Amino acid sequence: MDMLWLGYDGVSVRFADVSAVLLYHPSLDRRIAVEYGRVPTNIRAVVVTAAGAFLPSSLSVEQLRGRLSRWRNTQPS
């Protein structure tokens, strides 16, 4: 199972479950707190899953999208 680590201990998501990678904005804090239990410091991006979860990431949008792109390019057609 290929997992994308989001920069915090215990916070990762299956690559296949990623629906979107968003630039962090404080207006997303409530959605993050519902899923993660709190709003951690140093959030740079938010990963939205197919199930609608909003997960915080200390990695940049560019880093996350790059890793997602590399994973997609290695998957069989």
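Me: Is Y8 buried or exposed?
Reply: Y8 is buried, at a relative accessible area of 11%. Buried is under 20%, exposed over 50%, partly exposed in between (1.4 Å probe, protein chains only).

Me: What kind of model is it?
Reply: It is predicted: local features need pLDDT of at least 70, side-chain atom pairs count only at pLDDT 80 or more, and totals for chains, interfaces and linings use all residues. Residues are numbered from 1 along each chain as its sequence is written, and side-chain values use heavy atoms, without hydrogens or water.

Me: How many aromatic pairs are there?
Reply: Searching the whole structure gives 2. Ring centres must lie within 6.5 Å for Phe, Tyr or Trp (its six-membered ring); planes under 30 degrees apart are stacked, over 60 edge-to-face, the rest tilted.

Me: Which ring pairs with Y8?
Reply: Y36 does. The centres sit 6.4 Å apart and the planes meet at 40°, so this pair is tilted. Y8 is in strand β1 and Y36 in helix α1, 28 residues apart. Strands (E, at least two residues) and helices (H or I, at least four) are DSSP runs, numbered from the N terminus.

Me: Is Y36 buried or partly exposed?
Reply: Y36 is partly exposed, at 24% relative accessibility.

Me: And the pair with F15?
Reply: F15 goes with W71, and that pair is stacked. Centre to centre it is 5.3 Å, with 10° between the planes. The pair links distant parts of the chain. F15 is in the loop between β2 and β3, W71 in helix α2, 56 residues apart. F15 is buried at 10%, and W71 is buried at 17%.

Me: What's the order of the strands in the open sheet?
Reply: The order is β3-β4-β5, with antiparallel pairing. Strands pair if DSSP finds at least two bridges between them.

Me: Which strands are at the edges?
Reply: β3 (18–23) and β5 (54–57). Each has a single partner strand, so one side of each lacks a neighbour in the sheet.

Me: How many bridges between β3 and β4?
Reply: There are 5, in the antiparallel sense, and β4 covers residues 45–49. A20 has V48 in β4 as its bridge partner.

Me: What about β1 and β2?
Reply: β1 (residues 3–8) and β2 (residues 11–14) run antiparallel, joined by 4 bridges. They make a hairpin with 2 residues between them. G10 in the turn has a positive phi of about 80°. Y8 has V11 in β2 as its bridge partner.

Me: Switching to the core. Which residues touch the most other members?
Reply: L4, L6, V13, V18, V47 and L64, out of 23 residues in the largest nonpolar core. Such a core is a set of buried Ala, Val, Leu, Ile, Met, Phe, Trp, Tyr and Cys residues joined through side-chain atoms within 4.5 Å. At least two residues come from each of β1, β2, β3, β4, β5 and α2.

Me: What is L64 in contact with?
Reply: Beyond neighbours within four places in sequence, L64 contacts L4, W5, L6, V21, A45, V47, S57 and L59. Contact means heavy atoms within 4.5 Å.

Me: Where is S57?
Reply: S57 is in strand β5. S57 is buried, with a relative accessible area of 0%. Leaving out neighbours within four places, its contacts include L6, Y8, N42 and L64.

Me: And S60?
Reply: S60 is in the loop between β5 and α2. It is buried, at 8% relative accessibility. Past neighbours within four places, S60 contacts R44 and A45.

Me: Which residues of α2 are buried?
Reply: V61, L64, G66, L68 and W71. Their cover includes β1, β3, β4 and β5.
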